[in-house]
Amino acid sequence: MIPVISKLPQTGTTIFTVMSALANEVGAINLSQGFPDYDCSPQLIELVNKAMQNGHNQYAPMPGLMALREQIAIKTEKLYGAVYDPELEITVTAGGTQAIFTAISAVIHPNDEVIIFEPAYDCYAPAIKLMGGVVKSLELEPPNYRIAWDMVKRLINNKTKMIILNSPHNPTATILTKEDIDELSALVKNQDILILSDEVYEHLIYDGQTHHSMARYPELQQRSFIVSSFGKTFHATGWKMGYCLAPAYLMQEFRKIHQFLVFSVNAPIQHAIAEYLKDENTYLSLPDFFQEKRDYFRKGLEQTRFELLPCSGSYFQSVAYDNVTDEKDTDFAVRLTMETGVAAIPVSAFYRKGIDRHILRFCFAKRQETLDKAVDRLTKV
Ligand code: GLN
């Protein structure tokens with residue numbers, strides 16, 4: 001063996017891969033990794049088929065198919081009132097994770113500080129560290145996980161390069177409010193701080209609430225990379241398709257990395273989505289679609305000994321299990337998968353220090369019968 005110095009010595013395999021593998025191995029209902037157990041629209045599949053048959057099987061342009069970028073621009077302006085130039089400010093990516101990695105690597109230099117809020121999606125910190133950046137995290141408190149902006153202010157100094165936001169939030173299912181936006185705006189005003197806004201669950205927002213995209217606020221939009229996901233929006237996580245929005249000066253740097261990371265992404269699927277996006281109902285119907293699942297699943301869980309945390313967005317429902325056991329969440333998640341036959345994600349995986357508040361995350365992007373079966377098993381716990 002040739003000696004190799006690990007660049008990420010503390011990093012193991014992501015919890016999503018670990019829990020899905022265990023669920024498959026023992027035949028458990030998999031409510032761990034976030035993906036639907038129903039298929040995407042047959043019309044969308046037909047469009048992909050058509051694109052392949054029409055010979056769209058060679059490289060797409062490096063930043064993405066223009067027809068798709070134009071549709072993304074239309075959607076963004078319609079929803080958030082922001083005008084993005086498809087030529088210079090929109091790039092189609094191989095999913096949200098690639099967009100996040102690319103944005104971080106495009107602008108973070110050694111010793112730059114990046115503020116994240118924990119629990120945090122697990123791909124942020126490793127990307128920051130790989131670039132030599134320093135992760136500054138602020139821990140949020142269950143059950144509401146509100147951001148204490150005065151604490152954020154204390155983390156800011158002249159090395160602070162970026163703040164990473166995620167709304168609707170994975171895993172906590174909270175959303176940014178207008179008050180958060182006001183606090184954030186005041187905080188970054190006249191500071192050279194960029195924002196990376198992970199908005200992959202932008203359409204999964206409930207009870208008539210508003211998604212406060214950075215794109216809605218010109219002074220924030222001007223400093224933001226915004227990441228979206230067609231996998232989440234169109235129930236096709238396996239297609240690994242997403243996009244990034246950013247003002248031209250940031251997108252120019254983003255593309256310098258993107259071109260050597262993936263060059264360009266799946267061409268026929270871009271053709272298909274460009275067509276499919278023309279019907280705004282394909283995404284405007286999502287809040288109702290998922291809210292019904294959320295309500296159904298929550299109602300079921302009320303019959304169990306788990307305590308429900310609030311869920312304003314995303315397709316995740318967290319539960320506290322102090323009434324059930326005092327095991328570590330990682331141990332309990334494994335036992336629940338093996339003995340009860342329902343796989344969940346232990347929320348400690350979203351903290352760099354593995355902080356364990358005895359909370360599990362379930363994904364409810366599932367057929368009703370799957371949710372029924374899962375609840376049935378969970379009532380026996
Ligand atoms: N975003 C998904 C989740 O939180 C997982 C995606 C992945 O496994 N990379 O479950």
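By a pocket I mean an open set of grid points, on a 1 Å grid over the protein atoms alone, with protein on both sides within 12 Å along at least five of seven lines, and a molecule is said to sit in a pocket if more than half of its atoms lie within 2 Å of its grid points. With that in mind, please look at the structure above, which is a predicted model, and find the ligand, which sits in the largest pocket.

Let me turn to the chain as a whole. The domain assignment gives domain 1, made of 15-40 + 284-378, and domain 2, which is 42-282. These two domains meet in a contact that takes 35 residues from domain 1 and 42 residues from domain 2, and their C-alpha centres lie 25 Å apart.

Now to the shell itself, whose residues are Phe16, Gln33, Gly34, Tyr121, Asn170, Tyr201, Lys232, Phe316 and Arg361. By class, four of these residues are nonpolar, three are polar and two are charged.

An oxygen atom of the ligand is 2.7 Å from an N or O atom in the side chain of Gln33, while a nitrogen atom of the ligand is 3.3 Å from an N or O atom in the side chain of Tyr121. For Lys232, a polar side-chain atom lies 3.1 Å from a nitrogen atom of the ligand. Of the 300 Å² of accessible area that the ligand has on its own, the protein covers 80%.

How values were computed: Residues numbered from 1 in each chain as written. Predicted model: local features only at pLDDT ≥ 70, side-chain atom pairs only at ≥ 80, totals over all residues. Heavy atoms only, no water. Near = heavy atom within 4 Å. Polar contact = N/O pair within 3.5 Å; in protein donor to acceptor, adjacent residues only side chain to side chain. Areas by Shrake-Rupley, 256 points an atom, 1.4 Å probe, with all protein chains shown as cover. 1 Å grid on protein atoms, 1.4 Å probe; cavity = no way out; pocket = protein on both sides within 12 Å on 5 of 7 lines; lining within 4 Å. Nonpolar A, V, L, I, M, F, W, Y, C, P; charged D, E, K, R; others polar. Domains from an automatic or database assignment. Contact = heavy atoms within 4.5 Å.
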